[in-house]
Amino acid sequence: MLCRRSMLAHRLFWTAYTIWQMRGQARYAFRPVDAIRRDRDRRVRRQVAYAYRWVPHWRETLDRLGLTPSDFRDASDLKRLPILERATLQRDPERFLSKAVDSARCLCMHSSGSAGAPVTVWHDPRALFR
């Protein structure tokens, strides 16, 4: 019975979380283009800063390129980053795991390997719902 209650609580949590994340999404596409671009660019800056601080691969990559998070002002600046090769991800997938997230709580997912060897990627469950 406890397991069943736990499953129900788990489902209720994620249902509520999903509903909370969906607030305003239907209207978002009708916002002014400049507002959408500002949101996009703000998210790019925040994501690059997060990756630099917490993800070993991206910190080492930016350092090697002589870049800092402040060099990324908008989405067009992402072209400064090298294309992430499949082999790089396969060689050491742990380098892409954020140190800010408890890896025990992450979902480990594997690609099918249809394009060669499978790729392992960890996801924070909340990120999947966003």
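**Aromatic side chains, charges and cysteines**

At 9% relative accessibility, Y17 counts as buried, where buried means under 20% relative accessible area, exposed means over 50%, and partly exposed lies in between (1.4 Å probe, protein chains only). This is a predicted model, in which local features need pLDDT of at least 70 and side-chain atom pairs count only at pLDDT 80 or more, while totals for chains, interfaces and linings use all residues. Residues are numbered from 1 along each chain as its sequence is written, and side-chain values use heavy atoms, with hydrogens and water left out.

W14 is also buried, at 12% relative accessibility. Both W14 and Y17 belong to helix α1 (residues 2-22), where they are three residues apart, about one turn of the helix. Helices (H or I, at least four residues) and strands (E, at least two) are DSSP runs numbered from the N terminus.

The whole structure contains four aromatic pairs. Rings of Phe, Tyr and Trp (its six-membered ring) pair if their centres lie within 6.5 Å; planes under 30 degrees apart count as stacked, over 60 as edge-to-face and the rest as tilted. How do W14 and Y17 pair? Their ring centres are 5.4 Å apart and their planes stand at 80 degrees, so the pair is edge-to-face. F13, W14 and Y17 form one aromatic cluster.

W58 and F96 also form an edge-to-face aromatic pair, with 6.5 Å centre to centre and 80 degrees between the planes. This pair links distant parts of the chain: W58 is in helix α4 (residues 56-65), while F96 is in the loop between α5 (86-91) and β1 (107-110), 38 residues apart.

R23 lies over the face of W20, at 3.7 Å from the ring centre, and the charged end of R59 sits over the ring of Y52, 4.3 Å from its centre. A charge sits over a ring if NZ of Lys or CZ of Arg is within 6 Å of the ring centre and within 35 degrees of the ring normal.

Next come the salt bridges, of which the structure holds five. A salt bridge is a side-chain nitrogen of Lys or Arg within 4 Å of a carboxyl oxygen of Asp or Glu. R95 is partly exposed at 22%, and E60 is partly exposed at 43% relative accessibility. Salt bridges that share partners join R31, D39 and R42 into one network. Within it, D39 and R31 have their closest N and O atoms 2.6 Å apart. D39 is buried at 11% relative accessibility, whereas R31 is partly exposed at 34%. D41 forms a salt bridge with R40, with 3.0 Å between the closest N and O atoms.

Last, the cysteines. A disulfide is a pair of cysteine sulfur atoms within 2.5 Å, and a search of the whole structure finds zero. C106 is buried, with a relative accessible area of 12%, while C108 is partly exposed at 39%.
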